[in-house]
Amino acid sequence: STWLGECASHVEWVVADVTKWSPAQTFDIWHDRAAFHFLTDPADRLAYVARLRQAIRPGGHVIIGTFAIDGPEKCSGLPIKKYSEENLTAILQNGFNKLRCITEDHQTPFNTTQNFLFCSFKRHLN
């Protein structure tokens with residue numbers, strides 16, 4: 001949060017188990033940078049998307065970064081689930097419209113490449 005400077009005080013920081021969290025308000029934006037791919041249980045993924053629908057106001061935005069289909073099998077020794085643009089979009093189709101997806105090949109400090117997929121979505125207005 002230090003790179004945000006004074007603006008950090010205007011951000012609502014939420015630290016919680018996303019599969020059990022109950023949002024007390026709605027938010028304009030949800031940014032998930034590499035958490036969703038750790039949800040390997042289908043029930044946890046459904047719970048995550050349910051929280052998204054509760055937490056994001058109509059017209060709000062979601063940005064999710066996950067490992068791409070050609071990404072690693074594990075991260076930090078933990079199993080992950082990899083995504084294509086099509087299957088991530090399908091998971092969020094009930095409540096969100098895809099705006100854009102991009103892929104990025106991230107070079108780690110260990111001289112390995114991690115293939116990421118970043119997608120942005122907009123919450124349906126109704």
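I started at F36, which sits in the loop between β1 and α1. Helices (H or I, at least four residues) and strands (E, at least two) are DSSP runs here, numbered from the N terminus. Before going on, I noted that this is a predicted model, where local features need pLDDT of at least 70, side-chain atom pairs count only at pLDDT 80 or more, and totals for chains, interfaces and linings use all residues. Residues are numbered from 1 along each chain as its sequence is written, and side-chain values use heavy atoms, with hydrogens and water left out.

Is F36 buried or exposed? I get 1% relative accessibility for F36, so it counts as buried. My cut-offs: buried is under 20% relative accessible area, exposed is over 50%, and partly exposed is in between (1.4 Å probe, protein chains only).

I then listed what F36 touches, with contact meaning heavy atoms within 4.5 Å. Leaving out residues up to four places away in sequence, F36 touches R45, Y48, I64, T66, Y83, L88 and I91. I also checked F36 against P58: they are 22 residues apart along the chain, and their C-alpha atoms are separated by 21 Å.

H37 is in the loop between β1 and α1 too. At 0% relative accessibility, H37 counts as buried. Setting aside neighbours within four places in sequence, I find H37 in contact with G65, T66, F67, I80, K81, Y83 and F116.

**Rings**

I paired rings of Phe, Tyr and Trp (its six-membered ring) if their centres lie within 6.5 Å; planes under 30 degrees apart are stacked, over 60 edge-to-face, and the rest tilted. How many aromatic pairs does this rule give? I count seven. W21 and F27 make a tilted one, 6.1 Å centre to centre with 40° between the planes. The rings of W21 and W30 have centres 5.9 Å apart and planes at 50°, so I logged that pair as tilted. W21 and F27 are both buried, and W30 is buried as well. W21, F27, W30, F36, Y48 and Y83 form one aromatic cluster.

Next I looked for charges over rings (NZ of Lys or CZ of Arg within 6 Å of the ring centre and within 35 degrees of the ring normal). The charged end of R33 sits over the ring of F116, 4.8 Å from its centre. K81 lies over the face of Y83, 5.4 Å from the ring centre.

**Cores**

For nonpolar cores I took sets of buried Ala, Val, Leu, Ile, Met, Phe, Trp, Tyr and Cys residues joined through side-chain atoms within 4.5 Å. The largest core has 22 residues, and W30, Y48, L52, V62, I64 and L88 touch the most other members. I see β1 (27–33), α1 (42–55), β2 (56–67), β5 and β6 each supplying at least two residues of this core. Which element gives the most to this core? It is α1, with four residues.

Not counting residues up to four places away in sequence, I64 touches D32, F36, Y48, L52, L88, L92, L117, F118 and C119.

**Cysteines**

A disulfide here is a pair of cysteine sulfur atoms within 2.5 Å. I find one disulfide by this rule. C101 and C119 form it, with their sulfur atoms 2.0 Å apart. The torsion about the S-S bond of C101 and C119 is about 115°, so the disulfide is right-handed. C101 lies in strand β5 (residues 96–107) and C119 in strand β6 (residues 113–123), so the pair ties together parts 18 residues apart in sequence. C101 and C119 are both buried.

C75 is buried at 15% relative accessible area, whereas C7, at 47%, counts as partly exposed.

**Whole chain**

I finished with the overall picture: two helices and six strands, in the pattern β-α-β-β-β-α-β-β along the sequence. The radius of gyration (over C-alpha atoms) is 15 Å, close to the 14 Å that the globule rule (2.2 Å times the number of residues to the power 0.38) gives for 126 residues, so the protein is as compact as a globular protein of that length. Its C-alpha atoms fill a box of roughly 40 × 35 × 25 Å along the principal axes. Buried residues make up 39% of the 126.
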